[in-house]
Amino acid sequence: MSNSKKIATRQGFGDEIVELGKEDKNIVVIDADIGKSCKTAPFKKALPHQYYNVGIAEQNCAGVAAGMATCGKIPFVVTYAVFGSLRMLEMIRQEICYPNLNVKIACSHGGVTPANDGASHQSIEDMGVFRTIPNMTVIMPADYHSARKLVRESARWNGPVYLRFTRDAIEQIYPENENFEIGKAKQLSAGNDLAIIANGDMVRLGIQACEQLEREGIHAQLYDMHTIKPLDYHAVDQARKTGRILTIEDHNIINGLGSAVAEYVAETGDVKVHRMGIQDQFGQSAPYERLLAMNGITVENIVKSAKHLLNQ
């Protein structure tokens with residue numbers, strides 16, 4: 001990982017959306033009165049005529065975005081993940097995904113990163129909900145630079161996209177000039193003993209676990225599966241050749257990244273899959289790292305689970 005300062009993926013979105021808005025006047029931000037947290041305040045200042053604050057009315061955001069998309073605009077609806085996925089869900093399904101409109105749902109505070117705000121603000125179902133809706137693409141970047149690149153790729157992508165960002169500042173993994181493609185995973189390490197597939201903030205834990213396993217003579221492939229829909233089947237096929245796959249996500253282990261991988265390999269070959277993630281339970285009001293640990297998401301447990309897979 002890069003030695004540069006830590007920075008949040010939500011900041012990557014905020015920085016990139018300003019640049020995109022300057023380049024294309026059809027790009028607009030529809031905000032649910034949460035611009036400070038979701039980093040759209042600079043967009044409002046730089047491009048006030050492309051910024052719309054509809055207030056704390058997330059369902060209305062979806063309707064406004066759908067209408068603008070039919071007029072050739074490229075709306076980015078911005079709010080917290082828990083509101084953007086659940087409170088807006090019916091409108092996104094009926095008014096955006098069903099007619100396949102070019103709307104991007106860009107949400108910060110995904111997973112348990114709201115931490116001390118408690119379970120009501122921790123979105124652990126969102127990626128799973130959205131990946132079951134036809135026409136929706138689901139993306140979660142792993143660091144600041146990948147967030148910027150994937151926001152740019154999403155603006156070019158024709159159709160609904162869900163972008164999931166997190167609150168906390170995290171280590172930078174990729175250089176500024178790294179290229180990203182929607183639906184194509186990044187392989188970060190090679191090995192024949194097992195494969196680890198992660199996304200979002202969990203990629204940094206995967207890197208640390210792979211380094212520890214390497215010191216113990218265990219060679220693991222590591223993939224940043226930033227797009228869980230469409231899933232990179234080629235990357236999963238490469239991972240499957242090891243015979244053992246460990247998935248890591250800050251999301252309910254039901255219907256998220258781990259489920260997407262398990263569903264595919266169950267239909268295409270014989271391989272052991274172990275899913276690490278939120279254990280089908282609501283969070284609590286506690287620091288982020290403690291919440292992850294409560295669900296077994298630590299470097300130590302990744303290493304332990306990898307060894308367990310190898311011994312099966």
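Let's start with His 109, which counts as buried at 2% relative accessibility; buried here means under 20% relative accessible area, exposed over 50%, and partly exposed in between, with a 1.4 Å probe and protein chains only. This is a predicted model, where local features need pLDDT of at least 70, side-chain atom pairs count only at pLDDT 80 or more, and totals for chains, interfaces and linings use all residues. Residues are numbered from 1 along each chain as its sequence is written, and side-chain values use heavy atoms, with hydrogens and water left out.

Back to His 109: this residue sits in the loop between β4 (104–108) and α7 (126–131). (Helices are DSSP runs of H or I with at least four residues, strands are runs of E with at least two, and both are numbered from the N terminus.) His 109 has a phi near 65 degrees, a positive value in a residue other than glycine. Asp 280 also has a positive phi, near 50 degrees, and is not a glycine either. Look for Asp 280 in the loop between β12 (272–278) and α12 (288–294).

Ser 285 is in the loop between β12 and α12 too, and this serine is exposed, with a relative accessible area of 52%. Ser 285 and Pro 114 are 171 residues apart in sequence, yet their C-alpha atoms are 8.7 Å apart. Beyond its neighbours within four places in sequence, Ser 285 is in contact with Ala 115, Asn 116 and Gly 118, contact being heavy atoms within 4.5 Å.

The largest nonpolar core has 61 residues, and Ile 17, Phe 76 and Ile 196 have the most contacts inside it. Such a core is a set of buried Ala, Val, Leu, Ile, Met, Phe, Trp, Tyr and Cys residues joined through side-chain atoms within 4.5 Å. Helix α9 (residues 202–215) gives the largest share of this core, seven residues. A second, separate core has 44 residues, including Ile 30, Cys 61, Ala 65 and Ala 235. As for Ile 196, its contacts beyond four places in sequence include Cys 210, Leu 213, Tyr 223, Leu 246 and Ile 302.

Next, follow α9 to helix α13 (residues 299–311): the two pack at an angle of about 55 degrees, with their axes 9 Å apart. Axes are lines fitted to C-alpha atoms, for helices over the stretch in contact, and angles run from 0 to 180 degrees between N-to-C directions. That makes α9 oblique to α13, given that angles under 35 degrees count as roughly parallel, over 145 as roughly antiparallel, 65 to 115 as roughly perpendicular and the rest as oblique. On the α9 side, the contact is made by Leu 205, Gly 206, Gln 208, Ala 209, Gln 212 and Leu 213, while α13 brings Val 299, Ile 302, Val 303, Ala 306 and Lys 307.

Glu 216 is partly exposed, with a relative accessible area of 39%. Not counting residues up to four places away in sequence, Glu 216 touches Val 303 and Lys 307. Its C-alpha atom is separated by 28 Å from that of Val 265, 49 residues apart along the chain.
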